[in-house]
Amino acid sequence: MEVLSPYKEATEVIIEAGGEPLRLCYQCGICTGTCPWNLVRGFIVRRIIHEAQLGATDFGNEEVWLCATCRACVQRCPRGVEIIDVMRAMRRAVVSLGIGIVPDALRISAKNIAGAGNPLGEAPEKRGDWAKDLGLKKFSPGTEILYFPCCVPAYDPDVKVVSRATATILSELGVDFGILGSEERCCGEAIRKAGYEDTFHSLAQSNINAFSSNDVKTVVVSSPHCYHTFKNEYPELGGEFQVIHITQYLAQLIDQGRLKFSKEINKRVIYSDPCYLGRHNGIYDEPRRVLQSISGLELIEFPDPREDSLCCGGGGGRIWMETVKGERFSDIRVEQALEKGADIIAVACPYCFLNYRDSVLTMDKAEVIEVKDVSELVAEAM
Amino acid sequence: MAEFEPQIIAFTCNWCTYAAADLAGTSRIHYPANVRIVRVMCSGMVNPMYVFKAFESGADGVIVAGCNYTDCHYIDGPVKCDAMFARLKKMVHVLGLEEERLRREMISTSEGVIFARVVEEMVEQLKKLGPSPFKIKMETLA
Amino acid sequence: MEEVKIGVYVCHCGLNIAGTVDVEEVAKYAATLPSVVVSRDYRYMCSDPGQDLIKNDIKEYVLNRVVVASCSPRMHEPTFRNACQEGGLNPYLYEHANIREHCSWVHDDKKINTEKTKDLVRAAVKRVYHHEPLEVKEAPVNPNVLVVGGGIAGIQAALDIANGEKRVYLVEREPSIGGHMIQLDRTFPTLDCSECILTPKMADVGHHPFIELLAYSEVEEVSGSIGQFKVKVRKKARHIDESKCVGCGICEEKCPWKVPSAFEMGLAMRKAIYIPFAQAIPNLVTVDPDLCVYIQSNGKKCGACIKFCEAKAITPETLLNQTDQIIELEVGSIIVATGYDQFDPSVIPQYGYGKYDNVLTGLQFERMTCAAGPTGGKVLLKDGREPESVAIIHCVGSRDQNYHEYCSRVCCMYGLKYAHLIKEFTKADVYEFYIDMRCFGEGYEEFYKRLSEEGANFIRGKVAKVTDQAVTEEEKGKLIVVAEDTLLGRLIRVPADMVILCAALEARADADKVASLFTLNRRADGFFLERHVKLDPVATPTDGVFIAGCCEGPRDIPDTVAQASAAAAKALSLISKGKITLESAIASVDETRCIGCGRCEEICTFHAPKVISKNGVMVSEVNETLCKGCGACAVVCSTGAMLIRHYKPEQILSQVAALTEVL
Ligand SMILES: Cc1cc2nc3c(=O)[nH]c(=O)nc-3n(C[C@H](O)[C@H](O)[C@H](O)COP(=O)(O)OP(=O)(O)OC[C@H]3O[C@@H](n4cnc5c(N)ncnc54)[C@H](O)[C@@H]3O)c2cc1C
Ligand code: SF4
Ligand code: SF4
Ligand code: SF4
Ligand code: SF4
């Protein structure tokens, strides 16, 4: 029998990389039972924490890269263990100390982000191209709002509908806003969770500089991931500005009576809470309020809405990594939506958008169900 | 010249911090001899006047220490002490004393080690600051 | 003033002090201080010959002040104060210098230590110069005791005191005493029937000549302090004539109006006029005025009970016009035994309590297995079937920082008890989901072993969720309990018909109100704070107020009873002494300086100072039985009128000045 001898140095590596809270874990296993991975394969979260406590972590194991940072487990942990921090710390250790293997797909995205400022490896100059024909103004000091679209809606040909819909709504309502185009970079939220701490810092610094040199006070974002890092991580690095998620902003506009709808959408719409909007930041009601104010639209709920919402699988850098068929959370989600008789899955996150769209296509369900961002639905109904 | 040895007066409550200093003693935890303890019943009993008297008589630093919020023998003495201490800090500024010469601590009965550490830290701190510049007479205050 | 003559005694404490302090030199130095007429060093001051030195010197040198420099005053100040008193000196004319714990044991340089010791001795000498004799006052103790809460804790305490032939007022807010224990079916680990062991005690309370039972009553106001509390109790109207009601229950039978019964944990209904359970003490019916249609319609409708009561205990008069009564009591001490609430698991969404029919709490299950309970002692599902599989989930709301961080102490054990009962009543499989098994009491581990023998399944893992979303044929129509079996490192799904949640015990919802009523403190977990966790577990920071049972934190019946008897003993010892010694070092007002501003009144936590009018002048007066001598008032008094005896400014200032002046 192989005998385990606890290896303190490994624990220290993880703790140093930010996994401090792992000592509190008392091995109850509710994290395992809560983690969505266990719907599709075994992923014993508790054991990973225990291995880290004892210094028995296998840095070469693919499990290091599984966590989608959905926060389902953290929300339930009775000891307040920041499980995501532990997962991130293991990845940091691999990335910075080279003691394990970084998955190829992630390595490429990380290189693109570090080099080009976006995961797709597109030219930085082209970052504003999505808006070329929309006649938007460039943000300059004095403009009220900066719209920050996120890399995916900025570059991905299929997701540009999100940024374009948003810009159209704002323009039509006469909101004083601008974009920064080539001056902005990836927000860095996901690459940080994937373990690339240095990359995150340089991205954040670059964005903070761009924002402050343009005197940005308020940012409206399409991605909950940008929202999360701007709101919770940038301030420590000196980035002080107000962040509003587009669904919050739209709800505000409706409350103020500025945003009114003239068209009906006679569809059953099921709303999927993005982990980073819901569990990470407690925003559940605004997107629902926006959808409910569209006439004709019937809003329905997943069997596990809000706090219990199932992750799409795209957080924590998973969006860039390969997930084999049969293990995709978004497939389960699409099935649930179909069972509930939904015509449209409404999302409020570019990663959810990508994952659900892929699932609908690979499951061959494009005929029966659509994936749309809340902003698209709003633009259609105006 | 010999190294400057600061004089510290510590006002400690009878129930917690005084007992913590006793515990440091029974556990033979060594710390610098620069501190002299004045026992009061409660940290909330410490009058700013006492602290000034200490400075006036030549103390280089003063510690006011008592129970934690939850252990107070008189229920909420530490809260009252906090209020007094906040006033004290302002006054000390006006008189041209460095804030670092004053220290507010909550040290419970079992924390002999912490008591010793606080004294050590304070001695270090005061050695850096040098002797107290404050020698004005209480009369000028009155 | 007579001339001050001080005697100073420096103790060697063997080598404990003399090893690192030159005690002879200190004694010599002390002799040079003003007003010191004799100064000695001695091997063991606390020994009889050491104390005799003091006593003799008081006579020989006509000493009127004494200083001993030795160990901590927390150790021997009382010893030397006593020696002074025996030598004919007021004990407050004594001062203690701590040269062992605060000097010889903690610093190593003998020269420096000797200097520091001189400082400490000098400061003590300067301080004692200003000491004044203080009178040691006493106050009588009222021999009556108030017990609040008639659960097993309150019942036990009341009986212990009453059996000592002292009067007890037992105030219980429900219509009957019994508390949670009377709701339980059988009690771990012996499985004796709760009713069988409790009802005799309840009956004793009911007719004990020394117990006045005030059921369906609540304390409204408490004033005074140890030895002489004044208490106002509101005795709520039962809307019946208590002197006539014989508890026959015919009215209850005839009353047509129902609500879910709190006693039966909502598993059965009770009427608008009711006796909560068969063995209620007092055996009286109570009318629920919110539900009674006669009262609600102001006498226009119903009135069935009036018609059927042969004893004529219910009349239009009692129903419509009976009001609450205020009863005033005087007692010397108070025992608070208000117990706990069961945590409401519906706030944990993933366990489906309130959503799925067959998810129950512990107390609901207790009622179910009780022969006199709503199912007649059968373990049944909502639809009347017997379960084939039952899951018991431990630590629901306990050991979880999202709810309560503490361990509720009884859940592991009652979870095991349920496994046994289920095995006894049904053929169902039982699954215990636990994090750690905590079976610490007498016979508890043995009980755990017994359940292992009986075939309960133990799964180590905190349940992630209870759901009705089946994924296999076998799961259809069942509740599925999902958890990691942490010992296997595998996710496990257990289909169950019934799920029992071992819900936490938590502080009463109104604990805040009760705490302020009796001047109790609450810990961070919400329960009442004891004076000392280990050494004074039933006393509280408020003298004369004791706590017992689950109001101090979750515990089982054996611990509750032990604590109740302890609280009773404390109350009895107070009564047996008959008087209390009042703290002497307390606040006093210099009326010539007081301007009646009331700041002292405002800051005092114990409500000791009150600004009153004396000969037309507003001045503060301190209630000496309430004052604890904390000194907060003196700090805020801007005129220097408020003084704390033995901690007067000149006493402390002279000490402070002396500590540093020479250097
Ligand atoms: C499901 C379950 C099963 C259990 N099984 C067992 C077991 O098998 N064996 C065991 O040893 N222990 C068991 N326990 C623990 C047991 O219930 C307690 O140890 C015991 O009941 C504590 O008694 P108590 O008098 O302190 O509190 P309680 O029983 O709560 O009694 C408090 C009394 O005070 C009254 N009261 C409250 N507030 C006021 C007020 N302001 N004024 C006047 N009166 C007031 C209440 O009405 C109540 O009558 C179990 C607990 C639970 C939850
Ligand atoms: S939920 Fe928290 S305490 Fe429980 S095993 Fe997971 S990390 Fe540890
Ligand atoms: S954050 Fe989500 S994906 Fe990661 S371990 Fe927790 S539950 Fe699983
Ligand atoms: S604070 Fe001082 S002056 Fe004011 S009422 Fe109290 S004793 Fe009198
Ligand atoms: S010394 Fe403390 S307890 Fe006494 S009157 Fe003053 S504030 Fe109240």
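Because the model is predicted, local features need pLDDT of at least 70 and side-chain atom pairs count only at pLDDT 80 or more, while totals for chains, interfaces and linings use all residues. Residues are numbered from 1 along each chain as its sequence is written, chains are lettered from A and ligands numbered from 1 in the order in which they are written, and side-chain values use heavy atoms, with hydrogens and water left out.

**View 1. The surroundings of ligand 1 in chain C.** Here 38 residues surround ligand 1, and the closest are E172(C), H180(C), K417(C), R555(C) and I557(C); a residue is near a molecule if one of its heavy atoms lies within 4 Å of it. By class the shell holds 17 nonpolar, 11 polar and 10 charged residues (Ala, Val, Leu, Ile, Met, Phe, Trp, Tyr, Cys and Pro count as nonpolar, Asp, Glu, Lys and Arg as charged, and the others, Gly among them, as polar). At least two shell residues come from each of α7 (152-163), β8 (186-187), α13 (362-369), α14 (411-425) and α17 (557-577) of chain C; helices (H or I, at least four residues) and strands (E, at least two) are DSSP runs, numbered from the N terminus.

View 2. Follow the ligand oxygens to the protein: a backbone N or O atom of C550(C) lies 2.8 Å from one oxygen atom. For R508(C), a side-chain N or O atom is 3.1 Å from an oxygen atom of the ligand, and for I152(C) a polar backbone atom is 3.2 Å from a ligand oxygen. Taken alone, ligand 1 exposes 1000 Å², and the protein buries 98% of that (Shrake-Rupley method, 1.4 Å probe).

**View 3. Where chain A meets chain C.** In this view, 19 residues of chain A are in contact with 20 residues of chain C, contact meaning heavy atoms within 4.5 Å. About 1500 Å² is buried between the two chains, with carbon and sulfur atoms giving 48%; buried area is the accessible area (1.4 Å probe) that two parts lose on being put together, summed over both. One pairing to look for is the salt bridge of E484(C) with R46(A), whose closest N and O atoms are 2.5 Å apart (a side-chain nitrogen of Lys or Arg within 4 Å of a carboxyl oxygen of Asp or Glu). On the side of chain A that touches chain C, α2 (30-34), α4 (45-54) and α5 (72-76) of chain A each give two or more residues, and α2(A) has the largest share, 4 residues.

**View 4. Where chain B meets chain C.** Of the 2 pairs of chains in contact, chains B and C share the most contacts. Chain C brings 41 residues and chain B 45, and the buried area is about 3800 Å², of which carbon and sulfur atoms give 63%. There are 3 salt bridges across this interface, including R36(B) with D119(C) at 2.8 Å, N to O. On the side of chain C that touches chain B, α20(C) gives the most, with 8 residues.

**View 5. The residues around ligand 5.** Among the residues around ligand 5 are C604(C), C627(C), C630(C) and C633(C), together with F606(C) and K628(C). The shell divides into 8 nonpolar, 2 polar and 1 charged.

Definitions and conventions. Polar contact = N/O pair within 3.5 Å; in protein donor to acceptor, adjacent residues only side chain to side chain.
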